[in-house]
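Colleague: I am new to reading protein models. Could you take me through this one and tell me where the words come from?

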Amino acid sequence: MTWWLIFLSTVFIRTLMCKECTLEDTECVFFLEVDHRLTMMREGDLVYPKEGNIYKYDVVNTSNAVPVKIDEVITADGWEKPRLIGAVNGKMPGPAIIVYEGQYVVVHVKNCLINEALTIHWHGVTQKESPWMDGVPFVTQCPILPGQTFTYRFKAEPMGTHFYHSHVGTQSTMGIFGALIIRERKKHDMDEHIMTIQDYNHDWDSLMSYMKDVYGLYNGRTSASPPRAIDGTEFDMFHFHSGLINGRGRFHDPETGTHNNAPLECFHVQQGKSYRFRVIAVGIMHPFRVSVDNHSLLIVASDGHSIEPIAAESVIISPGETFDIILAANQIVSNYLIRAEALVVGMNHKTEAILRYDGAILAEPNTSKKKCTKTDRCLVINCPFSIFPPSQFTDCLTFNEIKGTSDNEPPSKIEEGRFEEYFLNFGIPGENPASVNGKVFKTPTVPVLTQSAEWYFPCEEPACGEERVCKCTNSINIKNGNVVQLVLTNMGLGKGMPHPIHLHGHVFYVMKMGYGKYNRRTAQFSRDNLDINCRGNIDREQSYCNNPTWSNPAWRNGNVPDLELDRPPIKDTVVIPSGGYVVIRFLANNPGVWDLHCHMEIHNIEGMRLLVNESLSLALRPPKGFPECRSFTNLRGELNTRELEDSCMKTADVTVTVYWIAVVVLSVLLLVIGIAFINQARRNPDCRPCRKSFHDKAQKEHEHLPVESM
Ligand SMILES: [Cu+2]
């Protein structure tokens with residue numbers, strides 16, 4: 001009886017606490033339980049897809065059977081072999097957290113995973129009053145261990161479309177994510193839909209995908225080739241099976257082109273009304289081009305920040321970015337296909353959802369994608385390259401051509417002596433891992449924000465250099481009150497696909513973007529933008545570009561021409577085009593330690609990351625009792641803990657080194673033994689080389705043979 005009462009009261013409290021926040025609340029409380037789940041299972045029953053529905057595994061005749069409710073199953077792409085995923089409150093995506101600007105958000109996160117620690121990052125929230133709530137393991141907090149609960153509390157700002165996700169390893173794309181919507185504090189006048197988009201592999205968990213990218217991806221016994229983007233640049237080796245919208249999609253068989261009829265996400269609209277679609281890219285690697293058949297999109301915000309509205313056929317969204325799209329339901333009552341297509345060529349990498357008008361029949365849409373023609377061209381927003389092939393009659397509006405709105409605060413003026421500029425090249429040089437300026441990020445082993453006395457930022461190893469790659473806790477030190485300009489580049493030998501770079505603790509102005517050169521006839525990438533001097537190797541295509549700068553020295557100190565000073569758009573994640581650069585600016589007004597990283601999960605965990613150390617001594621201190629953690633050896637100084645940690649981080653290098661040391665030692669040993677053996681043999685006639693010895697022995701024996709009588 002007691003247990004039953006406890007259970008009921010817990011359910012009651014959670015129901016109460018998880019209700020949607022009202023305009024009047026000053027604080028809103030949520031519970032998130034993170035655990036593992038299997039796709040295509042309802043409780044203990046396997047399900048299978050058919051005609052847009054799902055049925056229990058033992059249903060043979062579906063014509064009279066009642067389908068399983070799709071909300072009760074994490075269907076993913078409907079692949080019938082259940083795949084292990086992470087889930088928040090039993091769902092993927094987790095529940096949306098919807099609050100109003102300025103409210104305090106309290107989220108009790110319970111780690112119910114069996115064997116993994118986690119943290120939750122509130123992507124887009126600046127954490128001005130609470131830098132220790134940013135949710136980055138070993139930067140702002142200790143990881144939450146299995147069974148533990150950690151309560152996040154932060155102020156909801158800035159307003160807009162954001163999301164939450166685990167910041168540990170590959171857990172985010174395992175399914176540990178959900179929308180975080182901060183509405184303007186007034187009654188909202190437009191209905192909304194939330195749309196998360198991701199790429200997905202139904203055979204492996206995200207960690208396996210990462211390991212295969214690092215160590216090799218094979219199709220049978222054939223080494224797989226990387227997928228190519230429309231502009232000819234290469235993506236990394238993620239084996240894309242399907243795309244998902246709000247956790248649902250269909251597996252399209254690449255051999256036959258048919259799909260498995262898994263249920264799609266359905267967005268309901270009423271004819272004559274307009275809707276705000278909050279689109280969030282939560283995937284591993286691929287950008288998606290999003291469009292809706294028969295409808296134009298009005299793009300009004302990115303990463304939660306308003307932009308001058310632009311009507312377009314589609315928008316391209318990369319992992320970590322968000323876009324707000326106004327869709328006017330102004331077509332005839334029917335079903336329309338929502339499309340999200342990856343930018344690769346020769347592969348059917350896409351996902352779909354349904355836009356269903358109220359009153360439409362419950363049927364699959366049979367609409368077509370807009371045909372872009374010479375007289376009716378298509379406009380695409382936020383292209384990661386500057387042109388499409390001419391035959392596609394499609395125009396790009398790159399992000400530097402987009403204006404912020406007049407109600408955005410303008411960027412701070414630069415005062416004498418209060419300006420800092422850094423050049424950061426995001427690259428994958430040769431066979432080396434993803435890095436920034438040739439520095440592969442080494443994760444600290446204590447949270448540097450809250451246990452700063454126990455960590456330093458060493459990146460001075462002799463292994464680092466202009467044409468070298470090293471591993472260390474890379475950071476830049478910026479001073480509170482200064483205007484900071486970062487020139488993010490994607491150049492030289494390590495350039496690759498466009499990288500979406502996300503900054504924690506700040507939003508930034510996109511001041512300028514520079515694209516590489518493209519062949520106007522084929523739209524293929526041809527060379528880097530020459531505004532940047534790669535220094536290093538004289539052949540910039542062979543240079544790691546670890547030490548970039550402006551090609552014109554007069555452009556330093558904020559003097560680069562053509563900066564957008566009037567109304568630059570504001571973002572927290574921006575895509576650096578291949579062979580190009582982005583100039584971003586922000587005011588250092590939030591002391592703390594802030595992550596800056598590529599939001600392609602594979603690159604982030606590999607090391608394409610650094611810390612922005614912003615006047616750490618001025619950072620607010622966490623509340624009393626905030627968890628601490630550190631390594632422990634109990635060896636009373638016999639071994640240096642830091643050295644142990646360093647060697648752990650360099651397992652691959654150490655293995656190689658040990659191997660070669662062993663080879664050299666063994667070779668020397670064999671040489672010494674060989675020389676000693678030969679010398680000995682020379683002195684001892686019984687130890688001559690085998691063949692000779694045998695010959696001699698035979699000779700001797702022959703000599704002693706009795707002479708046969710004739
Ligand atoms: Cu990247």
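The talk below goes from strands to the core and then to some backbone angles.

Modeller: Two notes to start with. Residues are numbered from 1 along each chain as its sequence is written. This is a predicted model, so local features need pLDDT of at least 70 and side-chain atom pairs count only at pLDDT 80 or more, while totals for chains, interfaces and linings use all residues.

Colleague: What makes β23 and β24 a pair of strands?

Modeller: Strands are DSSP runs of E with at least two residues, numbered from the N terminus. Two strands pair if DSSP finds at least two bridges between them. Strand β23 (residues 335-342) and strand β24 (residues 350-357) have 7 bridges, in the antiparallel sense, so they meet the definition of a pair.

Colleague: Which sheet holds them, and which are its edge strands?

Modeller: They belong to an open sheet of 7 strands, in the order β16-β24-β23-β18-β21-β25-β26, with mixed pairing. The edge strands are β16 (266-269) and β26 (394-397), as each pairs on one side only.

Colleague: And what sits in the loop between β23 and β24?

Modeller: Val345 is found there.

Colleague: Why is Val345 called partly exposed?

Modeller: Count the other C-beta atoms, placed from the backbone, within 10 Å of a residue's own: 20 or more means buried, 12 or fewer means exposed, and in between means partly exposed. Val345 has 13 such neighbours, so it counts as partly exposed.

Colleague: Which residues does Val345 contact, leaving aside those within four places in sequence?

Modeller: Arg228 and Ile230. Contact here means C-beta atoms, placed from the backbone, within 7 Å. Arg228 is 117 residues away from Val345 along the chain, yet their C-alpha atoms are separated by 6.0 Å.

Colleague: Why is strand β17 called largely enclosed?

Modeller: Of the 8 residues of β17 (residues 274-281), 6 are buried, so the strand is largely enclosed by the rest of the structure. It also has two partners to look at. Strand β12 (residues 191-200) runs parallel to β17, joined by 7 bridges, with Met195 bridged to Val279. Strand β22 (residues 322-328) pairs with β17 in the antiparallel sense over 7 bridges, and Phe277 has Ile325 as its bridge partner.

Colleague: What makes a group of residues a nonpolar core?

Modeller: The members are buried Ala, Val, Leu, Ile, Met, Phe, Trp, Tyr and Cys residues, joined through C-beta atoms within 7 Å. The largest nonpolar core here has 159 residues, and Ile317 and Val279 are among those touching the most other members. Beyond four places in sequence, Ile317 touches several residues, including Ile197, Val279 and Phe323.

Colleague: Where are cis peptide bonds found?

Modeller: One runs from Met92 to Pro93, with omega near -5°. Another joins Glu157 and Pro158, with omega about -5°. Pro93 lies in the loop between β5 (84-88) and β6 (97-100).

Technical notes. Helix = DSSP H or I, 4+ residues; strand = E, 2+ residues; numbered from the N terminus. Contact = placed C-beta atoms within 7 Å.
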